[in-house]
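Please read them alongside the structure.

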Amino acid sequence: MTGSGGAVASVDRDASQVGIDVLARGGNAADAAVATAAALGVTEPYSAGIGGGGFLVYYDAKTKKVSTIDGRETAPATFTENTFRKPDGSAMDFNTVVNSGLSIGVPGTPALWAKALRDYGTLSWNEALKPAERLAAKGFVVDQTFHDQTAQNAARFSKFPETARVFLRNGQAPAVGSLFSNPDMAKAYRTLRTHGVDELYRGRLGEAIVRESNAPHTAPGVSVMGGQMTLRDLASYRALTKAPIHSSYKGLDVYGMPVPSSGGIAVAEILNLMKAYEDRTGTPTSKVSDVDYLHRFSEASATAFADRNRYVGDVPNVPVSELVNPAFAAERACLFDPNKAQPRPIPFGEPDGSYTSCAPGTTAQKEPYEGLSTTHLVATDRWGNMASYTLTIEQTGGSGITVPGWGFLLNNELTDFNFTPLTPGVPDPNLPGPGKRPRSSMSPTILMQDGKPFLAVGSPGGATIITSVAQTVLGYLDRNLSLVDAIAAPRLSSRNGSSEGAEPAFLASPEAAGLQELGHKLSDAGEIGAVTAIRSLGHDRFEAAAEPVRRGGGSAMVVRPTR
């Protein structure tokens, strides 16, 4: 949709409408982002909400600067790098940990909302959460995606009586077309908006979270591990303002999320590598065939993931400036062969500031697991502010544990830590630790042109977020696709594993056959991502775009559509 007055795009129509209503009443992009995110907590409760975390990248038109807010969940103070290991040192069973209190991190989403409103917004906390409360109380119409996600999780939801009571109907997923309301969640929003965000971090809402995470209520015969969260962990939580990752691509400034997200770094490295491949071959990305373009994209993505897995985590001295240095990308690109895929996994590089050699790396690492949920929204306003915001409770349905009487699920974000070192003898930056934030792939991104907002983009999808965002940017900038066509294009996600994930539509294409001839090993990854984006056209005009099919299709709106 194209028009003026501001724009919002998300994966859900009801949530986008909430954001548009905020803009129409005079709110700005930060107000709309928070109100839309709170509404997504109602309509996308298995992907985001009060019990989760996220990352916001924001352009402030007054200061003309891009900044970020880190609302990632944190581990309890008692966590160590051995928390997810058995006595013999081996990793605990992953699914057992997911469906337990041990997977639950201190929620960061409410703190991020409060900080965003305080730092950038014009609405009060009370006003920003009121639409979500109304939506939870009134209900929304169940679509196929919500039904399917509930059905896929019904068996594990049934292990937790409160989750079954809130989200199942007679033990089954609610019917498509039925009205789904959540009065307990409405109460949670009402309590938060009238008592303030401290009700979660220092009040009775927080007490309920700690009780349930440490001793989850389960169905008869079901036993799960408790967590280690304390009231002190909650009270000490802070959403943090951080400088963005900043890189350049084709004359545009690219801003992304810093550590503990790997998204900003990895997207920057992918774009740097694509430019380095152009320099090495002498052929622009816009001029090569679809197969050659996707070959370049696959090689760049796998290389970036090799470096991300080795170096990025919530630890001191991550070599950020070197990982996003075009000279590092040029060194990594020296092994690129336009006619053959590199063997997987690609060894990680050496971002040491000395880029004169072309020696291949010596150590290759396996691909770590990351859940495929999350949700994303973008918002902009008539003053030129722009928000790109990704939020999550980790995998679809999070931990499966609902806070009794409050109607929202708790995250399983701590399973984003590596349970054991990825490679013996190689430092792993993503092991658990006290107060540590697990590494993320969330990639909310803002592109600027000549100091003005150009594009806000992001996606859900776990580790595939990085490749979905990069592929959308490249499709739009280099492959002559319209914004919505770049979003809708069949996806390839090469993350340096033994095979490259691809959507069914892609696997059936001539391009897939061409990649396989070059040595790429492709596998069916099902649906990948659900991108939303807004292009600023200048003079208070915007093009909002959302996924047309994935997750049942998204919703892109502007305040005053062009007629």
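1. His539 sits in the loop between β16 and β17 (541-546); helices (H or I, at least four residues) and strands (E, at least two) are DSSP runs, numbered from the N terminus. The phi of His539 is near 55°, a positive value in a residue other than glycine. His539 counts as exposed, at 81% relative accessibility. Here buried means under 20% relative accessible area, exposed over 50%, and partly exposed in between, with a 1.4 Å probe and protein chains only. This is a predicted model, in which local features need pLDDT of at least 70, side-chain atom pairs count only at pLDDT 80 or more, and totals for chains, interfaces and linings use all residues. Residues are numbered from 1 along each chain as its sequence is written, and side-chain values use heavy atoms, with hydrogens and water left out.

2. Asn496 also has a positive phi, of about 70°, although it is not a glycine. Its place is in the loop between β13 (492-493) and β14 (500-502). Asn496 is buried, with a relative accessible area of 2%.

3. Which strands supply at least two residues each of the lining of the second largest pocket? They are β9 (375-381), β12 (452-458) and β16 (532-538). The largest share, four residues, comes from β16. By class, the lining of this pocket has seven nonpolar, six polar and six charged residues. For these classes, Ala, Val, Leu, Ile, Met, Phe, Trp, Tyr, Cys and Pro count as nonpolar, Asp, Glu, Lys and Arg as charged, and the others, Gly among them, as polar.

4. One runs from Val259 to Pro260, with omega near 15°, and Pro260 is in the loop between β8 (252-256) and α12 (263-281). Another joins Arg344 and Pro345, with omega about -5°. Pro345 lies in the loop between α15 and β9.

5. Pro343 is also placed in the loop between α15 (326-333) and β9. At 68% relative accessibility, Pro343 is exposed. Its C-alpha atom is separated by 51 Å from that of Gly139, 204 residues apart along the chain.

6. The axes of helix α5 (residues 125-138) and α8 come within 8 Å and cross at roughly 170°. Axes are lines fitted to C-alpha atoms, for helices over the stretch in contact, and angles run from 0 to 180 degrees between N-to-C directions. That makes α5 roughly antiparallel to α8; angles under 35 degrees count as roughly parallel, over 145 as roughly antiparallel, 65 to 115 as roughly perpendicular and the rest as oblique. The contact (heavy atoms within 4.5 Å) includes Trp125 and Leu129 of α5 and Tyr189 and Leu192 of α8. By class, the contact has ten nonpolar, two polar and four charged residues.

7. Helix α8 (183-195) also takes part in the packing of α10, whose buried residues pack against α8, α9 (198-201) and α11 (231-235). The buried residues of α10 (residues 204-214) include Leu205, Ile209, Val210 and Glu212.

8. Helix α4 (residues 109-119) is mostly covered, with nine of its eleven residues buried. Among them are Leu112, Trp113, Lys115 and Ala116. Leu112 and Ala116 are touched by Leu56, which also touches Ile69, Tyr120, Met257 and Tyr389, among others.

9. Leu56 is in strand β2 (residues 53-60) and is buried, with a relative accessible area of 3%. Leu56 and Leu391, 335 residues apart in sequence, are 8.4 Å apart in space, C-alpha to C-alpha.

Terms used
Lists of a residue's contacts leave out its neighbours within four places in sequence.
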